[in-house]
Amino acid sequence: MIEGEMTQRRTGNAVRARRRDDDRRIGSWLTAGVLALGLFQLFALPLLLLPRDRAWGWVLLPSALLTTTLWSVIHEAVHGNLHRRRARNDRNGRVLAVLYGSPFALLKAGHLLHHRYSRTRERAEIYDPATSSWAKAAPGYYLRLFGGLYLLEVAAVVLAVLPAAAVRRLARTVDGPETVAGPLLERVAQGEVLRQLRVDAAAITVLHGAAFAAYGAHWWMLLAALAGRAVIVSLSDNAYHYGTDLDEPLEALNLELPAPLEILALSFNLHGMHHRRPGLRWYELRPAFEAEDGRYDSGWFRAVARQIHGPIGRTDR
């Protein structure tokens, strides 16, 4: 009896060890692949290929379309799922966030607040007819939808030059019941978080400044690629929550994507499953979705397109 229990225990330990090894390999390969793609886009393309033929600039189109993959790998790091060792997980996340163009400390704090306050304080498309109107809400909504969200994430590098006291004052100024900007800035103003943000903001500035210099006369190609990234990030962000029930932080949509695109998105389209079980790694979402006989709420492209209908009044839902 005792020998059998010991055998089972050894077998269980071996299985867990293999899973840990698999997790490390997957995280390492994802990080290396996305890092290589980012450095190719920023430096190898302009320095090695564009001087031969400017037609190589078209390569920036598929690299921009892979923005969702870049964000999804960062998202794994945000939830501590990119590597089991916390220090290495966060280090990889910070490196990839520099490529993305916004400090990891900000992205992590913002996303975790999203999980806490989704459909309560954070509901981007909702306006109150008692104090506003569709016409008043629409300009800000569409600006955010077509690139504004990413621009705000990038503009956060400006926080690096502010003292902590100024960031806290800004947090109190922008705080309100319909936004997470206050809690986000309060989090960023904390000592170690602000220090990391300053280091990463400097790296972002140097890296992207060097990239624009590498593109030289073709700088507009890189700018166009980053503009494409801004639109993709901003369009995708709230598609999983647009028009869903209010005051339900776990409410999110599972959106259907063709299998190859789901892999490229690291199953981010199964967002409802992710909100209910945020500890699952990206490759665990599909099995969990099928185990629960999950159903899609819509197709991904349809859900993105319906956001163009614009803001929704709280009483018009």
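**α6 and α10**

I looked up how helix α6 (residues 134–155) sits against α10, and the two pack at an angle of about 105 degrees with their axes 6 Å apart. Axes here are lines fitted to C-alpha atoms, for helices over the stretch in contact, and angles run from 0 to 180 degrees between N-to-C directions. α6 and α10 are therefore roughly perpendicular to each other. I noted the cut-offs: 65 to 115 degrees counts as roughly perpendicular, under 35 as roughly parallel, over 145 as roughly antiparallel, and the rest as oblique. Helices (H or I, at least four residues) and strands (E, at least two) are DSSP runs, numbered from the N terminus.

The model is predicted: local features need pLDDT of at least 70, side-chain atom pairs count only at pLDDT 80 or more, and totals for chains, interfaces and linings use all residues. Residues are numbered from 1 along each chain as its sequence is written, and side-chain values use heavy atoms, with hydrogens and water left out.

I listed who makes the contact (heavy atoms within 4.5 Å). From α6 come Arg144, Leu145, Phe146, Gly147, Gly148, Leu149, Tyr150 and Glu153, and from α10 come Leu226, Arg229, Ala230, Val231, Val233, Ser234, Leu235 and Asp237. These residues divide into nine nonpolar, three polar and four charged. In this sorting, Ala, Val, Leu, Ile, Met, Phe, Trp, Tyr, Cys and Pro count as nonpolar, Asp, Glu, Lys and Arg as charged, and the others, Gly among them, as polar.

**Ser234**

I picked Ser234, which lies in helix α10 (residues 219–237). Is Ser234 buried or exposed? At 1% relative accessibility, Ser234 counts as buried. Buried means under 20% relative accessible area, exposed over 50%, and partly exposed in between (1.4 Å probe, protein chains only).

Not counting residues up to four places away in sequence, Ser234 touches Arg144, Leu145, Phe146, Gly147, Gly148, Leu149 and Tyr150. The Ser234 side chain reaches the backbone nitrogen of Gly147 at 3.4 Å. I checked the rule for a polar contact: a pair of N or O atoms within 3.5 Å; within protein, one must be able to donate a hydrogen and the other to accept it, and residues adjacent in sequence count only if both atoms are side-chain atoms.

**Thr67**

I then went to Thr67, placed in helix α3 (residues 67–78). Thr67 is buried, with a relative accessible area of 2%. A polar atom of the Thr67 side chain lies 2.6 Å from the backbone oxygen of Ala64. Leaving out residues up to four places away in sequence, Thr67 touches Arg229, Ile232 and Val233.

**α3 and α5**

I found that α3 packs with helix α5 (residues 104–117) at an angle of about 75 degrees, their axes 10 Å apart. That makes α3 roughly perpendicular to α5. The contact uses Trp71, Ile74, His75, Ala77 and Val78 of α3 and Phe104, Leu107, Lys108, His111 and Leu112 of α5. They divide into seven nonpolar, two polar and one charged.

**Core**

Which residues touch the most other members of the largest nonpolar core? Of its 69 residues, I noted Ile74, Leu96 and Tyr100. A nonpolar core is a set of buried Ala, Val, Leu, Ile, Met, Phe, Trp, Tyr and Cys residues joined through side-chain atoms within 4.5 Å. Apart from neighbours within four places in sequence, Ile74 is in contact with Leu96, Ala97, Tyr100, Phe104 and Leu107. A second, separate core of six residues includes Met273, Leu280, Leu285 and Ala288.
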